[in-house]
Amino acid sequence: MVYEDGKCVKCLADWYHVTSGSVLESDYRSECVPCPAGTKSAPGSTSCYTPCSLVTSLGNDYDLSQVSETLVHDDRVSYPDKLGNRYHYRYLIKLCSADGEMPLVTCTEDSSDKVTGAICRENVMSSSEGREFITNPIVKGEMLAGVQEESNGLKLHFRTLHTVSGCDAATTNVTLICNRDQIGALSLVDNSDNCRLAFEYSGPFGCRLCKESDYKSIASSCEGSSRNITYVKKESVVCSGGAGLPPVTAEPCTPYQDSLVDSIKRYKVYVGLGVGVMVMLIAGFCFLAWYSSTLKHKLDGYSRMNYADDDENYTGAGKCGEFAWADSGDDSEGDEQLYTRYQGKSPGNILSDKLGKINQSLGIKKCQKFGENDIMEMNTRPGI
């Protein structure tokens, strides 16, 4: 209870009462503190307990009912006492409570001295007759101080509320390792410091409970007018129990519900033909573009060769006269004359003759740009 407004009041549910300092000194404090995430308390409590149905701060559920009973671990490493007798440690652990009460275990000395807490330790000596003697019981954890989710399980942090064996606060960590297939043995993994202990315990209780969102649906190919919807667990999910695998369901198909893969499988012949035709069209277009470019390049080359003749042999007027003479060629010839001219010639010679005619026609068009005065001036120059 805490003192508020001139009277003592109980701490609320899921809060607990703590004190510090001496009651007779000015540093004395009495206050209500909220319970750590995942833990609970009854109104007026001085500590918080771990429910076996645990919900973490991340919103994940854990079922600790399989570890609600008292766990016992005997450390077989023996130590000598002051009289030379050898003993070993026995740990008793209560992780959660299913009835809403503080989970407590009791370590009792043979002389009727006993202590209670969530975790305690006893010294166990064995006589030559095999009889066990319990001495020096010590509390190693009175309440759950915190819950931490890890990649491989759940870690529970216990601590004492008072000074114990020279420790301001003894702490004990119990890590529940996720193992969906089997339950392992409770093992002590760290006892190097008298003020700190660490245990590990593997089993399905270390896995979070599965949720509906942990499963994904897979639609089969349409068979007739319907298809099956099955569910599998997502690859990255590690969980146990909780929401089970949803049952297989059927849904009607529509023309647009087939997936791309299903459509390809169903119409693979038509898809193959379509791809083949597309490849042939692209190849044909590329060939025609290349052939057209090559033919144009050749024609441009023939034209440039014709204009590169030596000016000393062909003057401007002479060229124009030659072109004018050439222009009166086979354009005016009839079919019989053309047949007589090309009779017996190879297709290559006919093509060469035609290219020559094209170049002469281009020369005529060029000469038309000079005008009569330019031609007369060129014919009156010396040497022309």
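Reply: We begin with the disulfide, here defined as a pair of cysteine sulfur atoms within 2.5 Å. A disulfide is a covalent bond between the sulfur atoms of two cysteines. With 95° about the S-S bond, the link of Cys 178 and Cys 207 is right-handed. This pair joins distant parts of the chain, 29 residues apart, with Cys 178 in strand 15 and Cys 207 in the loop between strand 17 and strand 18. Its sulfur atoms lie 1.8 Å apart. Please note that the model is predicted: local features need pLDDT of at least 70, side-chain atom pairs count only at pLDDT 80 or more, and totals for chains, interfaces and linings use all residues. Residues are numbered from 1 along each chain as its sequence is written, and side-chain values use heavy atoms, with hydrogens and water left out.

Me: How many disulfides does a search of the whole structure find?

Reply: The search finds 8 disulfides. One of them joins Cys 107 to Cys 120, with the sulfur atoms 1.7 Å apart. The angle about the S-S bond is 80°, and the link of Cys 107 and Cys 120 is right-handed. Because Cys 107 lies in strand 9 (residues 105-108) and Cys 120 in strand 11, the pair ties together parts that are 13 residues apart in sequence. Strands are DSSP runs (E, at least two residues), as helices are (H or I, at least four), and they are numbered from the N terminus.

Another disulfide joins Cys 210 to Cys 239, S to S 2.0 Å. This link is right-handed too, with 95° about the S-S bond. Cys 210 is in the loop between strand 17 and strand 18, and Cys 239 in the loop between strand 19 and strand 20, 29 residues apart.

Me: Is Cys 207 buried or exposed?

Reply: Buried means under 20% relative accessible area, exposed over 50%, and partly exposed in between (1.4 Å probe, protein chains only). Cys 207 has a relative accessible area of 2%, so this residue is buried. Cys 107 and Cys 120 are buried, as are Cys 210 and Cys 239. Cys 286, at 45% relative accessibility, counts as partly exposed.

Me: Which residues touch the most other members of the largest nonpolar core?

Reply: A nonpolar core is a set of buried Ala, Val, Leu, Ile, Met, Phe, Trp, Tyr and Cys residues joined through side-chain atoms within 4.5 Å. The largest core has 26 residues, of which Leu 95, Leu 156, Phe 158 and Leu 176 touch the most other members. Strands 8 (86-93), 11 (119-126), 14 (153-159), 15 (171-178) and 17 each supply at least two residues. Strand 8 gives the largest share, 4 residues. Beyond its neighbours within four places in sequence, Leu 156 is in contact (heavy atoms within 4.5 Å) with residues including Leu 54, Leu 95, Leu 144 and Leu 176.

Me: What is the strand order of the open sheet of 3 strands?

Reply: Two strands pair if DSSP finds at least two bridges between them. The order is 18-19-20, with antiparallel pairing. Strand 18 (215-219) and strand 20 (249-252) each have a single partner strand, so one side of each is left without a neighbour in the sheet. Strand 19 (residues 226-233) is joined to strand 20 by 4 bridges, and Arg 227 stands opposite Glu 251 in strand 20.

Me: How many residues lie between strand 16 and strand 17 in their hairpin?

Reply: There are 2 residues between these strands. Strand 16 (residues 187-193) and strand 17 (residues 196-203) pair in the antiparallel sense over 4 bridges. The bridge partner of Asp 190 is Ala 198 in strand 17.
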